[in-house]
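Let's take a friendly walk through this model, starting with a few single residues and ending with the whole chain.

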Amino acid sequence: MRTFMDRRIFARLVWAAMLPLMAPFSRAMAQHASDNPVVSAEDAFGLTVGLESTGLYNPGLIRGFNPQAAGNARIDGLYFDQQAPLSNRVIEGSTIRVGISEIGYAFPAPTGIVDYDLRHATGGKPAATIIAESGPFDDESISVDGSVPLYSKELQLPIGMDFATGAPPPSSGANLGYTSKYANLGAAPVWKPNADVTVRVFADWQDTTNARTLPTVFTAGDYLPPRIDRGFLGQYWALDRYRGENFGAMIHAKLSSHWSLATGIFRSVNDVPVSYADLFVNTQPSGLADHVLIGLPDQRTASNSGEARLTGAFSQGQWAQKVVLVARGRDEQARYGGSDAVDAGMTYIGAPAQIAAPDFVYTERVYDHTQLWSTGAAYQVQRAGWGEFAVGAQKEFYDKSVLIPGSPESHLTDDPGRMYGTAAVPLHGGAVLYSDYTQGFEDSGAVPTTAANRGAILPTTRTWQVDGGVRYPFASNLSLIAGYFELNRPYFNFDANNVDRQLGDQRASGLELSLAGQVVSGLYVNVGALIGHVEITGSNLAAQGIGTAAVGQPHNMILANAVYTLPHLPAWSVDLSVAHFSSVPSAVDNVAYVPQVTIVNPGARYQFKIAGAPATLRAQLQNVFNAYIWNIGNSPGFLQFAPRTYLVYLTVDI
C-alpha cells in the first residue's frame, strides 16, 4: 500500500529525519561495545553499525525519496517488502547502496537500496551485550542481547529484548514532551549443517503504547507559523499504539563449484490499532488557529514477500563472469481510512486548551490489495585492470484492486519491463570511474477519499536514473567520491478541480561528495554533501498553484562527522557531528520557505572494563546551540523541531 497518508498529511520528516538529533541511534545487539560507523564506513552515503549511524542517507530517505516505500529494501541482498521497522534484535545494521556502491550489486534501483545485515552469531561461544540508556529527553531504556550456541557452531541462537519508557513516538521522533512506552523481543537463529548450507530464520516483535501525538500546523497563507515555546502541545488522551511484526526464513546454499542458490520468504505487518491527528489549520500570523482533531480506527498493512536467486560464477585467467537469475514478488493487503474529524474550536497554537476526548464515529475502511511479481536475469563480467560491467533486465507483473465503501471496486494491471547497466573502470593511482543507468517501477497508491476522483488507482510509477562519478583513494583507508546523478519520476498532486492526478514530473539531480576514512593517526572523518535540488516540471503548473521546487527538499545539505582518539588518553575519544541544510520551500507555490539551519552535536566515548568485561560510556549533546526552526516534510504542514537535549548510554559486553 502506498497511500495518501504516506504522500501528504503524514509525510516523513524528510530532511530532518537524517539528523542525529531526530534518530541518533538504533538499539543494541550482542558484542558491540566498540562499534563506530565513522571508523567503519567506506563512504558517506549511509551506514548503520551497532548503536550508531553516519552518512547522508538513511533507510527512509535516499536522494529525496523513500526506498522502503518504493519497495527497495533487502535483507542480506534478498527482496523484502518492508511495512514495519526492523529492530536490532534481528539485524546488525544497514548499508545504503547508491552511486558507486551499486556497482556489482545485481538489480539496483533508481531510489537506491537499503540492505539490512541480518544479525550475526558469535562463533559458537555464548556472548551478550547490555545497554542502559538515558535520553534524548525522557527516554530511559534497557536492552539485553545475546548469542547462545545450542549445538556448537552448527546451531546458534541470537536473541534479545529491549524495554523503554519515555521513548520517542514512531510518528514524530524525539521531541520534548512526546513520549511512548516501547517493548521489543526478537531472535534470529542460524543453522549451518555443513560448509555449503546456511539456514536463517528470524522473528521480530515490537509494541509501542501511550505514544503522544505531535500536532501539525497549517498556515492560512504563504508564511511560517509564529515562534512559540517548545514543549508538549498535544492532547493527553491522544495516545497512539503501534505494533510491528517481521518474520523471515532464508537459505543460502552452494550447489556446485559454479552455482549457488539464495532464497528467502518474509512477512511484515504494520498495525496501528488506534491513532490520532492533531491539526491546527488556518493558522494566523498571531498563532490563532482552528483546532481539528482526527481519530483513526485500526490501520493495518500486511505483506508477504520473497525471492529466489540462482547465481553462476565462472572464472578463467583474468576474467570473471557471473550470471544471476531471479524471481521475486509480494502480496500486500491493507485496510486504511475510516477516520472521523472533530472541530475543537479556535485556539492559539502555543497554548492549546485540553479538551475532553471526543466520541469519534468511525466509518468503514478502504480495502487495498496489491500484488507484484517479477522475473529477471543479469550478467556481470570483470577483467583485472580493465574494469567491471553489468547488464540486467526484469519483467514485472502488477495487479492492484481498491475497494472504497459505497463505491465500485477499482482495478489496475500493468506488466512493464525494466533494464539497467553499470560500469566501473580503473584509472591511474587507484582511482575508479563509474557510471550506471537504472529503470524502476513502483506502486503509486490510490486516490484518497477527499479527492473528486476518490477510489481511483493512480497510474503506476516508472522511474529512471543516470549516475556517474569517480572514486579517488588518497590512502588505503581514505577516499573521496564525487558523482553526479539525475533521477526522474512522475509528480502526483491535486489540480484546481480537486482531482488527484499526474501534474508533471519530479527530477532530482545534483552533485554528491563523500570523504571517508582515516586522515591522520587517531582521526577519522565521514563527510557527505549533496548539492542539487528536486525540480517539478510540467505544463501549466502555475495555474494549479504549484512551484518548480519540491516541498521540504533542501538544495544543499552537508553532514560531517569526525572522531578523534586522544593520543595520551587512548581510552577516550571525542567526536563532532555537524548537519547543515539550506532553506526549503514550505508551500507548493514556493512563496514561503523554512530558513537554513545548522545542527551541532558534540560527544565523547570512554572505553574501560567492568569486572574484565569491555564497556563503553557514551555521551552526546544534541542540537547544542538550540537551533529553532519549524520543521517541514514532503507536504505542507509544520511541526515543532526538537530543542537541545542529551544522550548518555553504557554498553557492556559479557
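## Tyrosine 472

Which residues does tyrosine 472 touch, not counting residues up to four places away in sequence? They are Gly429, Ala431, Leu478, Ser479 and Leu480, where contact means heavy atoms within 4.5 Å. Before going further, please note that this is a predicted model, in which local features need pLDDT of at least 70 and side-chain atom pairs count only at pLDDT 80 or more, while totals for chains, interfaces and linings use all residues. Residues are numbered from 1 along each chain as its sequence is written, and side-chain values use heavy atoms, with hydrogens and water left out.

Tyrosine 472 sits in strand 25, residues 461-475; strands (E, at least two residues) and helices (H or I, at least four) are DSSP runs, numbered from the N terminus. Its relative accessibility is 37%, so tyrosine 472 counts as partly exposed. On that scale, buried means under 20% relative accessible area, exposed over 50%, and partly exposed in between (1.4 Å probe, protein chains only). Asparagine 540 is 68 residues apart from tyrosine 472 along the chain, and their C-alpha atoms are separated by 44 Å.

## Aspartate 443

Aspartate 443 belongs to the loop between strand 24 (432-442) and strand 25. This residue counts as buried because its relative accessibility is 8%.

The side chain of aspartate 443 has a polar contact, at 3.2 Å, with the side chain of lysine 400. A polar contact is a pair of N or O atoms within 3.5 Å; within protein, one must be able to donate a hydrogen and the other to accept it, and residues adjacent in sequence count only if both atoms are side-chain atoms. A polar atom of the aspartate 443 side chain also lies 3.0 Å from the backbone nitrogen of glycine 445.

## Glycine 510

Strand 27 (residues 500-520) holds glycine 510. With a relative accessible area of 4%, glycine 510 is buried. Leaving aside neighbours within four places in sequence, glycine 510 is in contact with Gly483, Tyr484, Phe485, Ile531 and Gly532.

## The whole chain

The protein chain has two helices and 37 strands. Its radius of gyration is 24 Å, close to the 26 Å that the globule rule gives for 654 residues, so the chain is as compact as a globular protein of that length. The radius is taken over C-alpha atoms, and the rule is 2.2 Å times the number of residues to the power 0.38.

Along its principal axes, the C-alpha trace spans about 75 × 60 × 50 Å. Of the 654 residues, 56% count as buried.
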